[in-house]
Amino acid sequence: MKAVILTKTEGPHSLVLDEIDTPEPLPGEVRVRLRACALNRRDYWLTLGKYPKLTLPCIPGSDGAGVVEAVGANVNHGLLGQEVMIYPALDWGDDEACCGRDFRVLGMPDQGTFAEAICVPTDNVHPKPPHLDWAQAAAMPLAGLTAWRACVTQAEVRPGQRILITGAGSGVSGFAIQWCLKLGAEVYVTSGSQEKLSHAIALGVSGAENYHDPDCYRKLRQQSGGFHAIIDSAGGNAVNALLDTLLPAGRFVFFGATLGNPETGLEMPKLFFRQIRIQGTTMGTNAEFAAMLDFACRHQVKPDIDRVMPLHAAAEACQLMANFSQSGKIVLLTS
């Protein structure tokens with residue numbers, strides 16, 4: 001089969017399409033003939049060597065959707081021919097509150113989805129929602145799940161609440177916007193791009209401000225009256241300004257820190273007097289993945305897709321992520 005392989009860490013051009021043996025499913029596994037896969041920022045960081053415990057060579061990719069074409073021993077043959085989406089991780093563990101030490105995301109060290117086929121445990125395949133095409137199905141798993149856990153499990157978003165989502169235009173923030181809107185919340189966003197702000201407004205958000213504006217967060221506080229929760233992935237020096245927009249007992253949920261730690265530290269008295277909760281989150285459980293797909297089906301949620309490209313253009317697709325220019329997910333068609 002064809003697969004995109006990373007053998008060195010000199011940037012996206014290190015991704016090379018090659019021919020390798022098609023894997024055979026082990027007992028308890030199925031082989032999925034992938035129709036599409038999608039990129040995440042994790043894949044970009046892999047090409048730069050900026051990922052813990054990097055093991056090379058590897059086949060990156062965590063998102064994928066396709067058709068079950070083979071089953072291992074002790075697997076129901078009724079799965080053959082089923083159209084499925086893949087839960088993008090392995091071995092979460094027994095504690096739903098936090099992943100265990102063996103938890104890992106598909107695409108290093110285990111084979112990822114940048115290939116024509118992949119073998120995964122049977123529990124990792126879920127029926128593809130019929131309202132999604134292959135590109136849309138491939139675009140949802142990792143980003144959708146990360147946003148789902150952040151919004152539903154950690155931020156506990158409820159109808160009528162006001163939610164601020166930073167960095168509109170990214171894969172995760174796009175899903176967070178849709179999940180919160182469908183949950184009945186009033187959503188506000190930030191972005192450094194007017195085009196991305198306009199797109200968020202078209203999705204139905206109530207307010208949108210450019211984070212390059214020094215008065216961005218003051219304006220958002222005035223517009224909204226304050227937020228019940230913030231979903232953030234950047235961190236950096238804006239954290240204290242963001243925390244100031246929270247209502248008493250508000251939740252600051254973050255799943256990334258692309259801008260690092262706040263240089264001034266946290267203003268602790270503001271936090272404990274107002275009972276502010278700061279909650280880190282990452283990915284999600286298989287049960288949350290199933291709940292997300294059920295919600296997506298009931299509300300006919302479709303992911304934002306920036307563009308669709310062929311598998312052999314994986315290096316070019318990954319390079320597009322270098323400057324955060326995309327709005328929505330970048331998808332690769334594998335067949």
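Author: Happy to! Phe227 counts as buried because its relative accessibility is 0%. Keep in mind that this is a predicted model.

Reader: Which ring does Phe227 pair with, and how are the planes set?

Author: Phe227 pairs with Tyr188: the ring centres are 5.4 Å apart and the planes stand at 70°, so the pair is edge-to-face. The two residues join distant parts of the chain, with Tyr188 in strand β11 and Phe227 in strand β13, 39 residues apart.

Reader: Is Tyr188 buried or exposed?

Author: Tyr188 is buried, because its relative accessibility is 3%.

Reader: How many aromatic pairs does the structure hold?

Author: There are 10 aromatic pairs. One of them is Tyr87 with Phe289, where the centres lie 5.7 Å apart and the planes are at 65°, so this pair is edge-to-face. Here too, distant parts of the chain are linked: Tyr87 is in the loop between β5 and β6, Phe289 is in helix α9, and 202 residues separate them.

Reader: And are Tyr87 and Phe289 buried or exposed?

Author: Tyr87 counts as buried at 3% relative accessibility, and Phe289 counts as buried at 0%.

Reader: Which residues form an aromatic cluster?

Author: Trp148, Phe175, Trp179 and Phe295 form one cluster.

Reader: How do the lining residues divide into nonpolar, polar and charged?

Author: Six are nonpolar, four are polar and three are charged.

Reader: Last one: how many disulfides are there?

Author: The count is zero. A disulfide is a covalent bond between the sulfur atoms of two cysteines.

Reader: Which cysteine sulfur is nearest to Cys151, and why is there no disulfide?

Author: The nearest is the sulfur of Cys180, 3.6 Å away. A disulfide needs sulfur atoms within 2.5 Å, so Cys151 is in none. Cys151 is also buried, at 0% relative accessibility.

Reader: What about Cys318?

Author: Cys318 is in no disulfide either, and the nearest cysteine sulfur, that of Cys58, is 11 Å away. With a relative accessible area of 0%, Cys318 is buried.

Technical notes:
Residues are numbered from 1 along each chain as its sequence is written. This is a predicted model: local features need pLDDT of at least 70, side-chain atom pairs count only at pLDDT 80 or more; totals for chains, interfaces and linings use all residues. Side-chain values use heavy atoms; hydrogens and water are left out. Ala, Val, Leu, Ile, Met, Phe, Trp, Tyr, Cys and Pro count as nonpolar, Asp, Glu, Lys and Arg as charged, and the others, Gly among them, as polar. Buried means under 20% relative accessible area, exposed over 50%, partly exposed in between (1.4 Å probe, protein chains only). Rings of Phe, Tyr and Trp (its six-membered ring) pair if their centres lie within 6.5 Å; planes under 30 degrees apart count as stacked, over 60 as edge-to-face and the rest as tilted. Helices (H or I, at least four residues) and strands (E, at least two) are DSSP runs, numbered from the N terminus.
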